[in-house]
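Subject: Structure handover

Hello,

Here is the structure I promised to pass on. Please open it next to this message.

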Amino acid sequence: MFALGPIGFAAPWLLLGLVALPILWLILRAVPPAPIRRRFPGVALLLGLTDEESTSDRTPWWLLLLRVLAVAAVIIGLAGPVLNPQDRVSGSGPVLILADSGWAGAPQFPRRAERMRALIEEAGQAGRPLATLRITDPATIAFQSADVALTRLPGLVPEPWSPGPDEVARAIEEISAAGAFDTYWMSDGLDYEGREQILSALRDAGDVRIFQTPISAQGLVPATYADGVLTLRARRSEGSGAETMQVQGFGRDPVGIERILVAEHFAFAEGELQSELALSLPAELRARITRFELAGGRSAGAVALTDDSLQRREIALFAGREDREGLTLLSPLHYLQQALEPTAEILDGALLDVIPANPDVIVLADVATLAPAEEAAIVEWVEAGGMLLRFAGPRVAASDLSRTEEDTLMPVRLRAGGRSVGGAMSWGEPKTLAPFAEESPFHGLAVPDDVTVTSQVMAQPDPTLADRVVAQLTDGTPLVTRKRMGGGQIVLFHVTANADWSTLPLSGLFVQMLERLSVTASGARPTAEELEGTVWKPIQVLDGFGDLRDAGTMAGVPGPDLVSGTLGRALPPGLYEGESRRLARNVMDDGTLLVPAGWPDDVRVDGLDTAEETPLQGWLLALALALLSVDIVASLGLSGRLVRAALVGVALALPGLPEAQGSDDFALQASAGVVLAHVLTGDERLDRMAEQGLAGLSDVLFFRTSVEPDAPMGVDLETDELSLFPFLYWPISADQPIPSDIAYAKLNDYLRTGGLILFDTRDADVSGFGGGSPESRRLQRIAAPLDIPPLELLPDDHVLTRTFYLLQDFPGRHNSRDVWVEAAPQDAELIEGMPFRNLNDNVTPVIIGGNDWAAAWATDENGVPLYPVGRGYAGERQREVAYRFGVNLIMHVLTGNYKSDQVHVPALLDRLGQ
Amino acid sequence: MSLAADLRARSEDAAAPLPALLAEAEHLAGTVLLGEHGRRRAGLGDDFWQYRPVRSGDEARMIDWRRSARGDDQFVREREWQVAQSVMIWLDQAASMRFASNNNLPEKAARARVLALATSILLVRGGERVGLSGSGLPPRRGEAQILRMADAFTRDEEADYGIPEARGMLPHARALFMSDFMGDFPPVEAALYKAADRGVRGVILQVLDPAEEAFPFSGRTIFESVGGSLRHETLKANELKDRYLGRLAERKDALDRLARTTGWQFGTHHTGDSTQAALLWLWHALAGQA
């Protein structure tokens, strides 16, 4: 690829087109701008007029420059410029992609995978067969086509271990068997045993190219606990520069949710490869921590699992005999305390006080009798998983404990008295321990010769005895018996806890036995010898990225291997569970050093993150387009067409003037005078009739009374302001929409503040207001949310009967007497001498009827009635009464109870003495 | 609404506010149809002219007894002789009239048609006879004639520039020529002279678009006539402006001179201006030609 500095060109010959630019300049300069065609009748007058100058406007130089630049951008763009062009794969023949695939490469794995993908694709484009090999998990090298190799790419994940000697040997074997090929080696950047051999094997096979990130690998050494201080160490492979790393301790909080319990920082000074951090944590918190992680490490090496080693067991010691003050060496608990103190928390106190603290172990040394409450508490605690460790002694031997019946808290029945051997008063030699049986938890522990037993309590032979013996003397008598009970166990040492009966408490074996029984957990890792004969089952294992996974059905690991074996497929790092404790196997240990991989000078080493290839073609073509757009605007401007285009743009951009006047107009129209209004029902014919009816009534009012209404208006309940109208006529149709909640709020407000609504079902009230006709059912639905007072049939003495005309009927197009108004108060009484009761002091908020008043009132603009009412003269009379009702109604609306107050006039006059 | 009906409606709108146009008649000869224009002599008509003493030969029923009863002599009541004037309209309907420089302005032809028809309506209301020059539509009176004229005004011509039609002119009639007068000048001259020879007098109304007066062009431009028959290319349109405006003024001047020579009246109307003003001017011009 032809390259100019960091820019390469895919088609460099196209750049020759740049030579044509000066020519283009000249041509563009010579050609005038394109003419505008204009229709113009006055052309007849122009004929014969010649231009004074023969040359036209030249294209200005900057426009020329713009165009030439645009063309240049197109030419360069088409030449395929690429920023930071990458060398393509050269060579032929098969390619091996070799990956260390250790945990150290996990943080950079995505970039490495991307690089591998690119390499595979490039090799595929070159038609080269490919194979992949992971040193951490070598397999037979099989060269395949690139698309097959691509499918294997996701499988090349890092393993949570480093290449070990076995794997290196296997890899070299495979490499030398595969013939000639070129190699791309994805190095993790860490050195390991046998790397040089692999390199030389590869160089024998063909070219080798290394891809390696310069980023330092980080690892966390498992925490150690000593003297109340938790010590963490982090290591890195490159010592350049100071650095801080955060370490986080994860564990379950009291609620059981895993969260970060501790977070601290390692500080690496310049040149330092290891940093140490001392944490002093409360025992509670410390016991909760399940693992430490370097934040952002994302590799198995950055995770250090903790096991029981950070935990200190709580052990409660009780002895049956504490009376020999001062004779500590004879105290039944002295040796136990010595053995346990370094590694466990020892609880003191009364038994019933200690049990609620839930100790891990309760030791009863020579305790024969327990109070029933204590016994019950211990039983409960054992069944919940506690471990009761009992030692025999003179008291036990002398008591009837577990003599005839097996005691609940004893593993075996005991024979009376016990026995003594090899003492001054007895025959025989002191007994020694027999080697531990395979099923015993002590299996694998070496039995020292100097451990002798001179006295012991004897177990009654029982059918269950053989199962319960975990250690015995050379003569076959049980030394340690054990019984499981619920989730816990009861262990009995048939000797005392001090050196009275045996030398066992004086020996190292005693401590080891206690450890095996998980009575203690030593801070130090167990040695291979200590774990001899045990099998550890993986619980959780780490993957290469440091994520914990359930081990599932993975096979168990022999104890010595777990401690000293090399990590590999058979022994992945993780958490292993033994008899009754857990042991963590981590990637890093004290001896693991992170050494950066060094390569011979003649091997090509590339980083993973070489500069990205950036094609510039799109950008250049876009630039050309942008320049041409500018050219369009500029050309338009030059030829005088831009103004019109701009005007069009401005005209389009100008927003229409806001029309805020609508509601004001409505309010002005409604409030300029008295306006009768009707509710718009959505039924066009009905609305028109209502308007015509109110128009007719308005005319009648105008002619006959001093009320001079303006033209009636329709009111939309949803949008219009109601308070402007003293009166609403509301014709009901069967399919009228129910108003919205907001409209109801407005309506109720209207009714409460003195408005009057005349509901007209227009059905002549044929069915009464029991809900017979569709309209009245609709009315019931519409009126249900309205704030309507109790109603009654319009009484004879209602003020509506006399506000203007004296009326007894209220007909519309129909003539029904049933018109409902607000009920009179209960205490309204007819006063002596008065024609009317002293009724409401208010305008009734609603009037409900079905007489189709609007139809009776309706007139056209010439005052001619539009709808027939009745027949002949009687019909006209009915229409007249309908108008009179309308007049009375409006008078009632406008004057309220004025006419009702008139009844008091005689009384007032009387009082005034006239 | 058809084009003709629409045109008529707009013309009615334009004509409505004006009083009936009473074109003064100068000559009686040649036109004998009765109209409402007093000929300032006794004759057939409705309006009172004078009382004259009874002469021999007058029938007894011709005597105005009311007047005669006031004295001893007997009088006959004479009425003014009324005749109608004929107005011949020539409206340029050529392609050059179908031009509007922007969307807010009407085409020149549209404006000219409205004006011409409004004038026709006024004349018909005044009892005049209106027709088109040439043989297409001889002058007649009545509403039906307005319909026919409106119909005639809706026919576009294909030619790029119109040539005035001076054939079929009734002697001593009145004429109204409306055009942009952008085309060849000699035919205009010839037509006017021919009309003037017949004693026809009238009005020339030049209807122009504002752009034709302002020439707001610049840059390299190809000007084409509306019909496409003429074109003129210029490299710097703005430099032509002064010379174009000079030629336009010259053309107006020539028309004015021609009008004065022949006793006609000349006016210019721009489509950007008010129609009403133009109609008023037309009315005055037609009415003022004593």
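My notes on the structure follow.

This is a predicted model: local features need pLDDT of at least 70, side-chain atom pairs count only at pLDDT 80 or more, and totals for chains, interfaces and linings use all residues. Residues are numbered from 1 along each chain as its sequence is written, and chains are lettered from A and ligands numbered from 1 in the order in which they are written.

The sheet of chain B

Chain B has an open sheet of 5 strands, in the order E5-E4-E6-E7-E10, with parallel pairing. Strands and helices are DSSP runs numbered from the N terminus (helices H or I, at least four residues; strands E, at least two). Two strands pair if DSSP finds at least two bridges between them. E5 (129–132) and E10 (265–270) of chain B are the edge strands; each has a single partner strand, so one side of each lacks a neighbour in the sheet. On average, neighbouring strands of this sheet are turned by 20° against each other, direction ignored. Axes here are lines fitted to C-alpha atoms, for helices over the stretch in contact, and angles run from 0 to 180 degrees between N-to-C directions.

Inside the sheet, E4 (residues 86–91) and E6 (residues 174–179) of chain B pair in the parallel sense over 5 bridges. B:Met88 has B:Ala175 of E6(B) as its bridge partner. Helix H7 (residues 237–262) of chain B lies across E7 (201–208) and E10 of chain B, at about 145° to E10(B).

Where the chains meet

On chain B, 31 residues are in contact with 23 residues of chain A. Contact means C-beta atoms, placed from the backbone, within 7 Å. E8 (221–224), E9 (231–234) and H7 of chain B each supply at least two residues of the side that touches chain A. H7(B) gives the largest share, 7 residues. By type, this side of chain B has 12 nonpolar, 8 polar and 11 charged residues. Nonpolar covers Ala, Val, Leu, Ile, Met, Phe, Trp, Tyr, Cys and Pro; charged covers Asp, Glu, Lys and Arg; the others, Gly among them, are polar.

Strand pairing also crosses between the chains: E3 (residues 36–39) of chain A and E8(B) run parallel over 4 bridges. A:Arg38 stands opposite B:Phe223, and A:Arg37 stands opposite B:Ile222.

E8(B) also pairs with E9(B), antiparallel, through 4 bridges. There, B:Ile222 stands opposite B:Glu233. The two strands form a hairpin with 6 residues between them, and B:Gly228 in the turn has a positive phi of about 90°.

One residue in chain A

A:Ser176 sits in helix H6 (residues 165–177) of chain A. A:Ser176 counts as exposed because it has 12 C-beta neighbours inside 10 Å. A:Asp204 is 28 residues from A:Ser176 in sequence, and 8.3 Å away in space, C-alpha to C-alpha.

Best wishes

Note on methods:
Two residues are in contact if their C-beta atoms, placed from the backbone, lie within 7 Å. A residue is buried if 20 or more other C-beta atoms lie within 10 Å of its own, exposed if 12 or fewer, and partly exposed in between; C-beta atoms are placed from the backbone.
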